[in-house]
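Trainee: I am new to this structure. Please take me through one part of it in close detail, and then show me how other spots compare in kind.

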Amino acid sequence: MEWHFRNDQPIYTQLIGQIRAGIVSGALAPGERLPSVRDLAMEAGVNPNTMQRALAELEGTGLLHTQRTAGRFVTEDTAVIQSAKEELARSRTREYLESMAQLGYDRQQVKALLEEWKEE
């Protein structure tokens with residue numbers, strides 16, 4: 001996984017977002033075993049406690065689960081993954097619409113722009 005961090009948000013929330021995006025996009029397949037916390041932390045260049053916090057939160061959402069002695073795995077429940085995907089899409093769409101509103105576009109104008117781009 002390729003990691004990208006910004007300064008405007010806590011690292012653990014960015015880890016959550018990037019791992020969630022990996023799951024909903026299929027980059028991390030249902031049932032796939034994740035590397036150890038230590039290995040993921042080293043790969044991302046973060047403290048293992050920070051990575052553990054992010055993974056624990058993702059477990060709370062049902063996207064990950066732990067099997068004792070076997071490690072952490074992506075859920076195989078496609079309904080949970082689909083729900084997370086839709087939630088992420090709504091969130092990103094809301095952010096996009098808000099940023100366009102800051103530029104002075106209303107929803108109809110945004111829709112017209114999207115239709116133009118679709119035709120290109």
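Mentor: Start with T75, in the loop between β2 (71–74) and α4 (78–102). Keep in mind that the model is predicted. T75 has a relative accessible area of 8%. Buried means under 20%, so T75 counts as buried. Now look at what surrounds it. Leaving out residues up to four places away in sequence, T75 touches P30, G31, G62, L63, L64, H65, V80 and I81. The side chain of T75 also has a polar atom 3.0 Å from the backbone nitrogen of D77.

Move to another loop. V46 lies between α2 (37–44) and α3 (48–61). V46 is buried too, with a relative accessible area of 16%. Setting aside neighbours within four places in sequence, V46 is in contact with F5, I11, L15, A41 and M51. Take I11 from that list. V46 and I11 are 35 residues apart in sequence, yet their C-alpha atoms are 8.2 Å apart in space.

A search of the whole structure finds one aromatic pair. The pair is W3 and F5, with ring centres 6.5 Å apart and planes at 5°, so it is stacked. W3 is buried, at 13% relative accessibility. F5 is partly exposed, at 31%.

One more ring is worth a look. The charged end of R53 sits over the ring of Y12, 3.6 Å from the ring's centre.

Technical notes: Residues numbered from 1 in each chain as written. Predicted model: local features only at pLDDT ≥ 70, side-chain atom pairs only at ≥ 80, totals over all residues. Heavy atoms only, no water. Phe/Tyr/Trp six-rings, centres within 6.5 Å; stacked < 30°, edge-to-face > 60°. Buried < 20%, exposed > 50% of the residue type's maximum accessible area, 1.4 Å probe, protein only. Lys NZ or Arg CZ within 6 Å of the ring centre and 35° of its normal. Helix = DSSP H or I, 4+ residues; strand = E, 2+ residues; numbered from the N terminus. Contact = heavy atoms within 4.5 Å. Polar contact = N/O pair within 3.5 Å; in protein donor to acceptor, adjacent residues only side chain to side chain.
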